[in-house]
Amino acid sequence: MAAAAWERFVGHRWLPKAAVVVLAAVLVAAFLLVRSERRDAHNAGVLETACGGVLPREAVRGLLPGDETWELRSDLDLTGPSGRGPRTLVRCSLDWGEYGGLELAAVPVLDVPLRGVRPGDILSAGTAEEPDWATAYRTATTQVTVGCPAGLLGYPRPVTRFRVHASLNHDDGSEVAGAAKELGTVVTAVADHVRDRGGCGGPAVKPSDVRPGPGRVTEDSEDSDGVPRACRWFRPGMLDGEKGDPAGPDADGVTSDDADACSLSVRRTKPENRYDLTAGVSSVSWRGPLLPEARTAYGAELAALSPAPEPKSGEKSYVLAVWAESSCSGARTLSRVRVETAVSALAADRADRVLDAYLASSDCRAVKVLGKVWK
């Protein structure tokens, strides 16, 4: 009976061919299922180990292509105690295809060592060239700078900030559109990992703290209008300057953990004499470890502070410096504002207002004006 059924099956016009097709389909499906399960198991293992296992797996899994095999190209986690501060605290790269990949890194923010504490010294440090690993965040899809009040261990100078940045690219090398928001969760998780392992203290990082890399922002970046952040407090009207650039065309400014400085000039709208064409302002504040050095560098000037009566007339230029102590963002701060004009009465009348505007921009409280001195 079985032999007869087999003979009928073999002799059928299309049934054997159909059976072969079905069998082949089952084998292919089984092969694909096994390969998919192996790929999923492999990818899950990659997520468990990448970046020390701190990546939020569901968030990362939703960002990466599920039909690709992910490879961990580089992985480094140095946020534990160490005798020497590493350039990179965390680094990992998940790749697929030829160009696709998720790259993430956490690096310390190392301020350029200052040659001195005067405004020129601070401003010159702002032009120093930084290494590639320190500037990669500028073109990242998303990034965040995190405070570390307790300081990261292993560095010759205090390091109280670090930066986490991440980028996500398609297989063709183009950036994944709309990835910044989703990457915010990943960056936040890694930032908190570094903060906890490093014993930083301070508040936890929130997804709302994460921002696009400044090199990708065209309208809302802090320097998009050409004015350095350290000079944004100034308005030309403070010295009867021409309207236009809010801080003059030659504004130069630097902001760092322990100091900020600004130097600028404006064209006067109504000159009072042939020398009264421009007016200049410089501002500088010192905090933390730079306070003693600033007091030493300016010891003679601080000793000469007084109510500062107006100097004798007849000079081509007058310079008035005003000093103040305050608490800015919770840190004890020493500040100096320098006003230079061809009219002494203008400097004497406006110096206090310029100082007030400068300190107000930094949310400084408990202000104590130490005095003025003509230079």
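Which residues of helix 9 are buried? In this predicted model, the buried set comprises S344, L346, A347, R350, A351, V354, L355, Y358 and L359. An α-helix has 3.6 residues a turn, so residues three or four places apart point the same way. The cover over the buried residues of helix 9 includes strand 7 (259-267), strand 8 (278-287), strand 9 (318-328), strand 10 (331-341) and strand 11 (364-374).

Just after helix 9, D363 adopts a positive phi of about 55°.

Within strand 8, S282 has a relative accessible area of 10% and is therefore buried. Apart from residues up to four places away in sequence, S282 touches C262, S263, R336, V337 and R338.

The largest nonpolar core contains 36 residues, and L55, L94, L104, F162 and V164 have the most contacts inside it. Two or more residues each come from helix 2 (15-49), helix 3 (57-63), strand 2 (90-96), strand 3 (100-108), strand 4 (142-147), strand 5 (161-169) and helix 6 (179-197). Helix 6 contributes the most to this core, with seven residues. Neighbours within four places in sequence aside, L104 contacts C51, L55, V90, R91, C92, V164, H165, A166, V186 and V190. A second, separate core of 28 residues includes A230, C231, V337 and C364; of these, V337 is also among the contacts of S282.

Technical notes: Residues numbered from 1 in each chain as written. Predicted model: local features only at pLDDT ≥ 70, side-chain atom pairs only at ≥ 80, totals over all residues. Heavy atoms only, no water. Buried < 20%, exposed > 50% of the residue type's maximum accessible area, 1.4 Å probe, protein only. Helix = DSSP H or I, 4+ residues; strand = E, 2+ residues; numbered from the N terminus. Contact = heavy atoms within 4.5 Å. Core = buried A, V, L, I, M, F, W, Y, C linked by side-chain atoms within 4.5 Å.
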